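Hi,

Here is the structure I promised to pass on. Have a look when you get a moment, and my notes follow below it.

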Amino acid sequence: MAPADLDVAVGRAEAAYPVGSGQVRDAPDVPRLCRDATALALADQVRVFVVGSRVATGARPGGGDDSSELFAYARRSPWTLYWWQFRSHLAPRSAHLHSSLRLAVALTIARVAAGVLELTHGFWVLLATLTVLRTSAADTRTALRPAVLGTIVGAVVSGGVMLVVDEPIVYAVVLPVTLLLAFGVGRLLGPVWQQALFTVLLTVVFAQLSPEGWRLAEARLVDVLLGAVIGVLAGVAIWPRGADHDLRRNATRYLAASADAVEQTVQAILGDAPPPAGALDRVRSRMVLIDSSYCQYHSERHDPHRQQVNWDAVLSAGHHVVPGAESLLRRNPPGCLAGWPGAATLLRNSAGRLRSAYDALADDVAHGRASDQEPVSTSCVDQLDRIRPLLGEADHQSVRHLVEVDRWLASLADSLARIHPPACRR
């Protein structure tokens, strides 16, 4: 289905709303309005899926496309996207920034140490640092043992071979075999064997160029031990907790930005504030940071005695805010409910409760506590029962706007209710 065909179907559905003329004389069919609002929201999500599928296959959304802002990146050049990513990650809580700084500091120290100590094969120090260094102290310690043990085994084997064989031509002949063992078989046997075979490979390569003999294996062992020490110190000293801590902090800020966007969207519809473009942009920028932390988080080891947050649900809770708000504002322009005090009171109360739920969830996620409250999503029919006496004062179009905004708030409450922060086990 093309987006234009879907637009036609959505337009027909919107035209089927019981708009009426002038002021409403009979009570509006609220259950039907709820069903229609749900169907339109679902159709809008299908439209986003259709446009997203076309973008994924190489098509570019048109400038007049209602969903063009959601897929604005598809109209940008690669260099512009690189700049956006670079600018987004110039933040204190960026996982990519942390990894870059950690790696840069570790390699700088390794290079300085190799130069000061005047090591013959100082680049082995940098290779060992790269081998050991991980994004968390726990993973660095895990990588240390196989790196050191494998290097010791490889150095002993290499030193023994070089004591017996002193002909460079022999090492040239066995080089293809050692290459196959190091880069093929070593990966299958495990990190210890991989490191040991890689040490043998380096010895075979440099034995053809240097007459150092068994001292070449000794130099390899010393350089690897020095690089391992530098890698461990860098991993322990520079953001040792890895992505888990940053993911929680980024999730806190992400949920807070989502709550701000929800409140500002409701205020804009009530005519109390301008459209929430700035608030939605903040959600997008913080979405970049939490996505990068989330990807790094899955590459690290975690404490098995600590329950984990349902991060998929946390991310989806924020992901529903931006497209939902943009879709809502397309059919319900800012100020469409201005001048209806009953609707304003209902929506402000609902948005306030949702804001409290976002804030409570953010605090629970940040501190690893179990949530003691969950947002309760009531149907729009139940909520509108509180102001049914006021429905006669509004036209059908205003009631329709109220129902759509209320259903959006209820769907956000549903997404929050699926998140269960962890309780730290004692």
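A word on terms before the pocket: a pocket here is an open set of grid points with protein on both sides within 12 Å along at least five of seven lines, and its lining residues have an atom within 4 Å of a point. Please keep in mind that this is a predicted model.

With that in hand, the second largest pocket has a volume of about 540 Å³. Its lining counts 22 residues, and those nearest the centre are Ala41, Gln45, Gly324, Trp408 and Ser411. By type, the lining splits into 8 nonpolar, 8 polar and 6 charged residues.

The axes of H13 and H16 come within 11 Å and cross at roughly 175°, which means H13 is roughly antiparallel to H16. On the H13 side the contact uses Val321, Gly324, Ala325, Leu328 and Arg331, and H16 brings Arg400, His401, Glu404, Val405, Trp408 and Leu412. That contact has 6 nonpolar, 2 polar and 3 charged residues.

H13 has another partner in H10 (residues 243-269): their axes come within 10 Å and cross at roughly 5°, so H10 is roughly parallel to H13. Here Ser258, Ala261, Val262, Thr265 and Ile269 of H10 meet Val321, Ala325, Leu328 and Leu329 of H13. This contact has 7 nonpolar and 2 polar residues, with no charged ones.

Best wishes

Notes:
Residues numbered from 1 in each chain as written. Predicted model: local features only at pLDDT ≥ 70, side-chain atom pairs only at ≥ 80, totals over all residues. Heavy atoms only, no water. 1 Å grid on protein atoms, 1.4 Å probe; cavity = no way out; pocket = protein on both sides within 12 Å on 5 of 7 lines; lining within 4 Å. Points joined across faces, edges and corners; volume = space filled by probe spheres on them. Nonpolar A, V, L, I, M, F, W, Y, C, P; charged D, E, K, R; others polar. Axes fitted to C-alpha atoms, helices over the stretch in contact; angles between N-to-C directions. Helix = DSSP H or I, 4+ residues; strand = E, 2+ residues; numbered from the N terminus. Parallel < 35°, antiparallel > 145°, perpendicular 65-115°, else oblique. Contact = heavy atoms within 4.5 Å.
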